[in-house]
Amino acid sequence: QVQLEESGGGLVQAGGSLRLSCAASGRTSTRYAMGWFRQAPGKEREFVAVITWGGITYYADSVRGRFTISRDNAKTTGYLQMSSLKFEDTALYYCAAGYAPQQFQEAISDWTRYDYWGQGTQVSVSS
């Protein structure tokens, strides 16, 4: 079992920045990918970014160049640095950990392939 807890959400003006954190506990020595998803009211959960155990990163087209995903050397904390935020980035952001996305590239953007989830942290961007 891996437990995840997000922090760092808040209210920011368009064009501003926020950094989200995801603290992992439990079986953190197992090799899993850590990803970020988001869900706005009335919309489906969508992929934002993922980082593999080896540090390979993938991004949704909508955030590439604005968001940066990273992980500390101990691989117990993940980060999502968000810059040039837009109103449409407003959503509940979830951290997720998964073994399938670690192994199979086709699984990285599929939220159903992730095994563990945090409770989410709200990001609100005012226009």
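Mentor: Two strands pair if DSSP finds at least two bridges between them. Helices (H or I, at least four residues) and strands (E, at least two) are themselves DSSP runs, numbered from the N terminus. In this model, E1 and E3 pair in the antiparallel sense over 6 bridges. Within that pairing, Val2 stands opposite Gly26 in E3.

Trainee: What kind of model is this, and how are its residues numbered?

Mentor: It is a predicted model, in which local features need pLDDT of at least 70 and side-chain atom pairs count only at pLDDT 80 or more, whereas totals for chains, interfaces and linings use all residues. Residues are numbered from 1 along each chain as its sequence is written, and side-chain values use heavy atoms, with hydrogens and water left out.

Trainee: To which sheet order does E1 belong, and which strands are at the edges?

Mentor: Strands of a sheet pair through backbone hydrogen bonds, either parallel or antiparallel. Here an open sheet of 4 strands has the order E1-E3-E8-E7, with antiparallel pairing. E1 and E7 are the edge strands, each pairing on one side only. On average, neighbouring strands of this sheet are turned by 15 degrees against each other, direction ignored; for such angles, axes are lines fitted to C-alpha atoms, for helices over the stretch in contact, and angles run from 0 to 180 degrees between N-to-C directions. Further along the order, E3 and E8 run antiparallel and are joined by 6 bridges. The bridge partner of Leu18 in E8 is Met82.

Trainee: Which residues form the covered face of E1, and which the uncovered one?

Mentor: Val2, Leu4 and Glu6 make up the covered face of E1, while Gln3, Glu5 and Ser7 make up the uncovered one. For single residues, buried means under 20% relative accessible area, exposed over 50%, and partly exposed in between (1.4 Å probe, protein chains only).

Trainee: Which residues of the largest nonpolar core touch the most other members?

Mentor: A nonpolar core is a set of buried Ala, Val, Leu, Ile, Met, Phe, Trp, Tyr and Cys residues joined through side-chain atoms within 4.5 Å. The largest one here has 37 residues, of which Leu4, Trp36, Leu80, Met82 and Tyr93 touch the most other members. Among the elements that give two or more residues to this core are strand E1 (2-7), strand E3 (18-26), strand E8 (77-82) and strand E9 (91-98). Contact means heavy atoms within 4.5 Å. Not counting residues up to four places away in sequence, Leu4 touches a set of residues including Cys22, Met34, Cys95 and Trp117.

Trainee: How many disulfides does the structure hold, and which residues form a disulfide?

Mentor: A disulfide is a covalent bond between the sulfur atoms of two cysteines. The criterion applied is a pair of cysteine sulfur atoms within 2.5 Å. The structure holds 1 disulfide, formed by Cys22 and Cys95 with their sulfur atoms 2.0 Å apart. Because Cys22 lies in strand E3 and Cys95 in strand E9, the pair ties together parts that are 73 residues apart in sequence. The torsion about the S-S bond of Cys22 and Cys95 is about -80 degrees, so the disulfide is left-handed.

Trainee: Is Cys22 buried or exposed?

Mentor: Cys22 counts as buried, at 0% relative accessibility. Cys95 is buried as well, with a relative accessible area of 0%.

Trainee: Where is Thr30 found, and which backbone oxygen does its side chain reach?

Mentor: A polar contact is a pair of N or O atoms within 3.5 Å; within protein, one must be able to donate a hydrogen and the other to accept it, and residues adjacent in sequence count only if both atoms are side-chain atoms. Thr30 is found in the loop between E3 and E4, and its side chain reaches the backbone oxygen of Arg27 at 2.7 Å. Thr30 is buried, with a relative accessible area of 16%. Not counting residues up to four places away in sequence, Thr30 touches Val2, Trp53 and Tyr99.
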